[in-house]
Amino acid sequence: MSLRILVGVKRVIDYAVKIRVKPDKSGVITEGVKHSMNPFDEIAIEEAVRMKEKKIAKEIVAFSCGPAQCQETLRTALAMGADRGIHVEVAGPQFDTLQPLHISKMLAQLAKDEQIDLIIVGKQAIDDDCNQTAQMTAALLDWPQATSASKIEAKDGSLQVVREIDGGLETIKVKLPTVVSADLRLNEPRYATLPNIMKAKKKPIKKLTPKDLGVDVSPRIEVVTVEEPPVRLAGAKVENVDMMVEKLKALGHA
Amino acid sequence: MDQIVDFNPEDFDVTVQPGVTRKGLNHFLKDHGLWFPVDPGADASLCGMTATSASGTNAVRYGTMRENVLNTEIVLADGRIFCTAGNGRRSKKSSAGFNLTNLFVGSEGSLGFITKTTLKIYGIPEMMVSAVCAFPTVKAAVDVCVQVLQSNIPIARIELMDDVAMEMCNNHNKLDYEVAPTLFLEFHGTEESVKSQAKFAAEIADYNGGSQFRWAYETEERNRLWKARHDIYWTVLQSNPGCRAIVTDVCVPITCLPDLIAQTKSDIQQSGIIGPCLGHVGDGNFHTFLVFNPNKPEEFKKAENLASRMANRALDLNGTCTGEHGIGIGKMAYLEKEMGPLGIEIMKSIKRTLDPHWLMNPGKIFSSA
């Protein structure tokens, strides 16, 4: 097998950061806040790199859509082992209303333009938690999909994928070309090392616009308001079990 | 006070406040290809690690906090604030006056409060590979450690777990390692370097009766292996429900280690106490977890006596009564034996100079008398 893999990587607010809502409730504060690659996308890149190390893949293309800073995210992907990057630049208000459907359309077009055999994305982004991009991309391409993957094995021109589902684990076989979304237990990603970061500076990043891919990124939604979750109410202590039962009854729970 | 206040990737230094933990810092550094390798296991505060001169499994290659703190900001007992290497200074070396930074590293909060620490950081190794190797005896395992170091192999981690520890480790983590004295090793470097280090180490192990190496290449496999090692304290308690354990910590020159461990194990066996032996053999440092039932005071007494004999043995072998865990209250008597009365008097005079009212962490390290 000699696959060309396209991996979608999203630049999101770093998972360790405490999120703050803007005072005007129009969104969350992103200015000056640490951003990094969506953790599920790190897992996706790691899986692609492992496939290249096993000689199942021959080339890894990393893709990111967003403002200029997405180049940093792409450089991280390149330092982890991707061969080249594609940056579709979308900034400002249009970026704030980007939806999985827009990204799926871009991925689908890139898959055709770049002769991609396998698309791997993280199962969801930690900012919107949508879990839609892989599925929509597969539908647009009329490709099979294997989502929430926790194990991928390449076997005779197809992939055997173990999926994490509510009931446990499901093993399916998908023919290539296919779309896979990476779940948490698929692997633990490597760190980018200094020499690889240096080498990554020389790897090419192609810049495109949404128009180049025939995708209209005008907003399909309008964000009405963003609010913090309600503050947790204080609890109460009771003296003994009898009082607890009384309290529960009074609250209508017993 | 949980901020990373200064970061200089190309100078390989970073300055943090007390609220920044080891894992928090490494998460911040990873995208730059850098890390802070001192790894005591827990996700400790870096200023706390400075105060206790923390060590860990990586010390054999990267050193302890002593070797990796460039500067600290200190609040003294009288409220004055100063920087031990000078304000904002972060050169890798200096001959300017007394080495006050290292005076505060490991002082257990008794000389001043650490509000910033400037740390040396390192490039993440290109390749990290771990391996597990079982031996017929503890002596064979420790001999291999001595020989690996003598061969100048820049081993990153070399940890011993005796058969008692391995059995508990297998049961608790559902692993299937051989129940025998075992070395957990890790190699860091470029791909070629790691391969040649590992090959040489495997030959040494084989020569000493070691088993085939069991390798862990992928990140998640290595993490599982080291988690099993790091969780050993909890494993010991879980394996002995209702019990507590005295954790011991001694450190001697490496050549003295085989005898020290052999005598200790024999002492433990004779006492009837359960006491797995394990630790950082690469530094000549090992720990035991002496299990006792809190409802049986005679078990506690036995464990205490074992610990005491171990500390004295280490001191008799030109070692120290504590490699990592500090003096605190429990080892004050041994510090006197280790340093001698003049050493203690000099420490007290420094303490009196910096904290004349004995406000900072009183009752630790030495008495106020």
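The following paragraphs go through a predicted model with chains A and B, from the annotated regions to the sheet of chain B and then the interface. Residues are numbered from 1 along each chain as its sequence is written, and chains are lettered from A in the order in which they are written. Local features need pLDDT of at least 70 and side-chain atom pairs count only at pLDDT 80 or more, while totals for chains, interfaces and linings use all residues; side-chain values use heavy atoms, with hydrogens and water left out.

UniProt positions are given here in the numbering of the model, feature names are shortened, and annotations may be inferred rather than shown by experiment. Over residues 25-217 chain A is 32% helix and 31% strand, with the end C-alpha atoms 23 Å apart. Helices (H or I, at least four residues) and strands (E, at least two) are DSSP runs, numbered from the N terminus. For chain B, an unreviewed UniProt entry gives "domain: FAD-binding PCMH-type" at residues 1-124. That stretch of chain B is 22% helix and 25% strand, and its end C-alpha atoms lie 27 Å apart.

Two strands pair if DSSP finds at least two bridges between them. B:Asp6 stands opposite B:Thr15 in S2(B). Four residues separate the strands of this hairpin, and B:Phe12 takes a positive phi near 60°.

Further along chain B, seven strands form an open antiparallel sheet in the order S11-S8-S10-S9-S13-S14-S12. Strand S11 (214-216) and strand S12 (244-251) are the edge strands, each pairing on one side only. Neighbouring strands of this sheet are turned by 20° against each other on average, direction ignored. Axes are lines fitted to C-alpha atoms, for helices over the stretch in contact, and angles run from 0 to 180 degrees between N-to-C directions. S11(B) is held to strand S8 (residues 127-134) by three bridges, the two running antiparallel, and B:Ser130 stands opposite B:Ala216 in S11(B). Helix H6 (residues 138-150) of chain B lies across strand S9 (157-161) and strand S10 (182-189), at about 170° to S9(B).

The two chains meet through 19 residues of chain A in contact (heavy atoms within 4.5 Å) with 16 residues of chain B. Chain A and chain B bury about 1,400 Å² between them, 53% of it on carbon and sulfur atoms. Buried area is the accessible area (1.4 Å probe) that two parts lose on being put together, summed over both. A:Glu188, A:Tyr191 and A:Leu194 supply 35% of the area that chain A buries against chain B, more than any other three residues.

Three salt bridges (a side-chain nitrogen of Lys or Arg within 4 Å of a carboxyl oxygen of Asp or Glu) are counted between the chains. B:Lys30 forms a salt bridge with A:Glu42, with the closest N and O atoms 2.8 Å apart. Helix H1 (39-53) and helix H6 (194-200) of chain A each supply at least two residues of the side touching chain B. H6(A) gives the most to that side, with three residues.

Over all chains the count comes to 44 salt bridges. Within chain A, the side chains of A:Asp14 and A:Lys34 meet in a salt bridge at 3.6 Å, N to O. Both residues lie in the loop between strand S2 (11-13) and strand S3 (35-37) of chain A, so the pair ties together parts that are 20 residues apart in sequence.
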